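Trainee: Could you walk me through how to read a fold like this one? I'd like to go from the overall layout down to single residues.

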Amino acid sequence: SVAGILRRNVQGNAKAMELVRKLLTLESKAVQWYGTKIPIAYFRCDLCTRMEQREADAPDGAIGIVDVLQSEIKTLESAMYTLSEQVEGLMVPKMFIDARDAAMAMGRIECESNDIVMLDDDDDDDDDD
């Protein structure tokens, strides 16, 4: 699990701890902005799989956690904050949709493709002030 990988690789590493906090903050923002169903496959399947693979491929399990976390954070920030990285018309990061579709295809999660619900963006354009 990601938690186990982090425990093994972050302990005593202040920079890595800082990056873990940043990654968790981004996960929290993703859940706040997109709900739990949209980003869950990225955080629980994609990220986990990549980190497990890195650990399996690394000699002595030393995965270079700072580099791994920095790369994941950079990718995640780009997806969340760059409009070109989002699904047109949905304003949802494409990587979250891709992760969901891949996880569903592998049977790792169950959800409906119409689980994306757009909420009013709180613009007062509809008000006749």
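**Reading the fold**

Mentor: Start with the order of elements: along the sequence, the protein chain runs α-α-α-α-β-β-α. That comes to five helices and two strands. Keep in mind that this is a predicted model.

Trainee: What share of the 129 residues is buried?

Mentor: Buried residues account for 37% of them.

Trainee: Which residues touch the most other members of the largest nonpolar core?

Mentor: General idea before the case: in soluble globular proteins, nonpolar side chains tend to be buried together. Here the largest nonpolar core has 31 residues, and Tyr 42, Met 51, Ile 65, Leu 69, Leu 76 and Phe 96 touch the most other members. Helices H1 (2–10), H2 (14–34), H3 (40–57), H4 (65–81) and H5 (94–105) each put in at least two residues, and H4 gives the most, with eight.

Trainee: Leaving aside neighbours within four places in sequence, what is Leu 76 in contact with?

Mentor: Its partners are Leu 23, Leu 26, Tyr 42, Phe 43, Met 95 and Phe 96.

Trainee: And where does H3 bend?

Mentor: For a helix, look at span and then at direction. H3 has 18 residues and reaches 25 Å from first C-alpha to last, close to the 26 Å expected. The bend is about 25 degrees, at Cys 48. Cys 48 is also one of the buried residues of H3, a list that includes Tyr 42, Met 51 and Glu 55.

Terms used:
Residues are numbered from 1 along each chain as its sequence is written. This is a predicted model: local features need pLDDT of at least 70, side-chain atom pairs count only at pLDDT 80 or more; totals for chains, interfaces and linings use all residues. Side-chain values use heavy atoms; hydrogens and water are left out. Helices (H or I, at least four residues) and strands (E, at least two) are DSSP runs, numbered from the N terminus. Buried means under 20% relative accessible area, exposed over 50%, partly exposed in between (1.4 Å probe, protein chains only). A nonpolar core is a set of buried Ala, Val, Leu, Ile, Met, Phe, Trp, Tyr and Cys residues joined through side-chain atoms within 4.5 Å. Contact means heavy atoms within 4.5 Å. The expected span of a helix is 1.5 Å times one less than its number of residues. The bend at a residue is the angle between axes fitted to the seven residues ending there and the seven starting there.
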